Amino acid sequence: MSDADRSIDDRGTDAGDKTELERAGDVETAGPGNDFDPVQVFPESEEMDLRPGADDCYKCSTCDTSCPVAEVDDEFPGPKFQGPEQWRLKRQEDHDIDETVMKCSNCMRCDGACPSDVPLSQMHNTARGEYVQKEMSKLSVEYWRNRTLANYRRLAPLAATFPRTSNFVMGLGPVRWLGEKLFGVTSEREFPEFATETFRAWWAKRGGTETSRRRAKAARAERGEEGSEKRIAYFHGCYANYNTPEVAKALVRVYEHFGYEVMVPEQRCSGTPMFANGMLEDARRAAETNVDELATAIEEGADVVASCSSCSMSLRQEYPELFDLEGVDDVAANTWDAVEYLQVHEDLTGELEETSVEGVAGMEDFAYHAPCHARNQGLAGQTREVLEPIDGVEVHDVGDSCSGISGTYGWKEEHYDTSMKIGEEMFEHMEAADAEAGLTECPTCSMQMGHGTGYEITHTLEVLEAALVGDGSDGGGARPDR
Ligand code: SF4
Ligand code: SF4
């Protein structure tokens with residue numbers, strides 16, 4: 001029996017066999033002095049009720065035309081089918097979730113395209129979770145490959161303990177070949193290197209929040225902001241911790257420059273790769289820790305900032321859409337993209353007006369790709385606007401196409417070609433831009449940009465660091481803590 005049928009049945013049971021008119025009469029006689037027992041019209045449901053979203057779809061197909069996977073893969077039925085249509089179909093007892101839901105890359109472009117605010121990615125995530133739970137064999141290579149990719153953070157600490165050995169072994173041709181043949185991870189891509197020191201190790205060595213508090217206080221005094229308190233909790237995610245600590249360090253230095261005390265709470269993966277692989281229970285466990293830790297930081301007066309656009313997307317949109325956790329709405333409401341936060345709370349443009357990166361290698365001429373998850377947060381034009389006042393920086397926007405990698409999606413052997421076909425437009429535009437490096441805020445878009453063009457890729461926070469902090473102007477000599 002479907003939820004809708006159950007609702008009707010429950011109403012019938014509660015109200016007996018009365019007619020509509022008789023029931024209306026019951027309501028009219030209820031009031032002060034009358035015994036009125038409110039009736040639970042709809043049963044409590046453990047599931048999110050997606051019916052209003054499904055009913056809002058008027059089949060315009062705008063979402064289908066915005067889907068990068070549907071554009072290059074004729075066998076993918078598109079977001080309208082994966083969302084409202086599949087939702088309706090699965091109300092029928094004998095209908096299983098269609099396996100094509102695993103072809104959706106979770107780029108979430110369809111969310112922004114729908115004129116009727118149908119919660120498409122919420123529907124896709126829910127359907128994918130159900131498909132993996134009920135239809136996918138837990139003994140299959142696909143399940144374990146996906147689970148491993150989705151739980152990168154579980155393997156990363158081991159690899160990061162012996163980074164040089166890990167990088168050497170994972171770079172070997174035969175290892176990549178075996179990874180594809182046995183596990184379905186494409187051998188076409190080079191594994192990202194592990195840093196020789198994680199961000200969290202650097203942070204602890206540097207003195208953690210105590211040191212940051214001291215630096216922030218000194219910066220506030222220099223800026224004439226004594227007496228004010230500025231505090232952020234940094235959600236660095238897995239990649240900035242294990243692979244690109246330079247991005248996380250740039251965030252710390254830029255925020256301290258503006259007088260912010262940085263807190264680095266305990267955290268787990270944001271859940272982005274888990275949503276994309278239908279591992280909702282893994283994602284829920286990670287979300288429980290993250291929401292708990294970040295809600296505590298918020299109580300202590302911090303706002304949450306993330307340097308990865310998919311992490312901020314997850315905390316802001318996917319958590320409240322999928323998990324009924326205490327504090328989840330508070331965390332969503334107080335989470336920001338790291339650059340967005342500075343733009344809103346500081347005079348970032350004014351501060352950057354007198355700065356220059358002229359002569360700083362790799363910091364002058366960029367081909368910029370706005371990640372889909374940044375677009376979804378309304379941040380598509382942000383980087384160009386923010387970097388514009390810096391003397392010497394040229395940012396060429398490479399257009400609004402998807403990079404195609406979408407986290408773990410482009411790492412799967414069966415999706416590699418689709419991923420590269422989607423990325424073609426971005427590669428062409430990057431090459432036509434005649435820049436010296438790539439620029440983006442998403443770690444996996446960055447992998448794809450480098451893979452498709454051979455460019456070095458920089459994060460926007462690193463450019464801000466070069467302009468605002470530079471060498472030796474962060475209160476302690478030439479990047480003493482680098
Ligand atoms: S864009 Fe929205 S309303 Fe149009 S078909 Fe897609 S889900 Fe339905
Ligand atoms: S999330 Fe991306 S890949 Fe998936 S249906 Fe929507 S637009 Fe297509």
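**Ligand site.** I began with the elements around ligand 1 and found that H6 gives the most to its shell, with 3 residues. I kept in mind that this is a predicted model. Counting the whole shell, I got 15 residues surrounding ligand 1. I listed the closest as Cys57, Cys60, Cys63, Cys114 and Val118. The elements that give two or more residues are helix H4 (62-66) and helix H6 (79-89). Sorted by class, the shell has 9 nonpolar, 4 polar and 2 charged residues.

**Sheet.** Next I asked in what order the strands of the open sheet lie. I read the order as E2-E1-E3-E4, 4 strands with parallel pairing. Strand E2 (261-263) and strand E4 (335-337) each have a single partner strand, so one side of each is left without a neighbour in the sheet. Neighbouring strands are turned by 35° against each other on average, direction ignored. I then checked the pair E1 (residues 231-235) and E3 (residues 303-306), which run parallel and are joined by 4 bridges. Within this pair, I noted Ala306 of E3 as the bridge partner of Phe235.

**Core.** Last, I looked up the largest nonpolar core, which has 122 residues. The residues with the most contacts inside this core are Ala233, Tyr234, Leu251, Val304, Val331 and Ala367. Helix H18 (residues 280-299) supplies the largest share of this core, 8 residues. I picked Val331 and asked which residues it touches, leaving out those up to four places away in sequence. For Val331 I wrote down Val291, Leu294, Ala295, Ile298, Val304, Leu315 and Tyr319.

Methods
Residues numbered from 1 in each chain as written. Chains lettered and ligands numbered in written order. Predicted model: local features only at pLDDT ≥ 70, side-chain atom pairs only at ≥ 80, totals over all residues. Near = placed C-beta within 6 Å. Nonpolar A, V, L, I, M, F, W, Y, C, P; charged D, E, K, R; others polar. Pairing = 2+ DSSP bridges. Axes fitted to C-alpha atoms, helices over the stretch in contact; angles between N-to-C directions. Core = buried A, V, L, I, M, F, W, Y, C linked by C-beta atoms within 7 Å. Buried ≥ 20, exposed ≤ 12 C-beta atoms within 10 Å, placed from the backbone. Contact = placed C-beta atoms within 7 Å.
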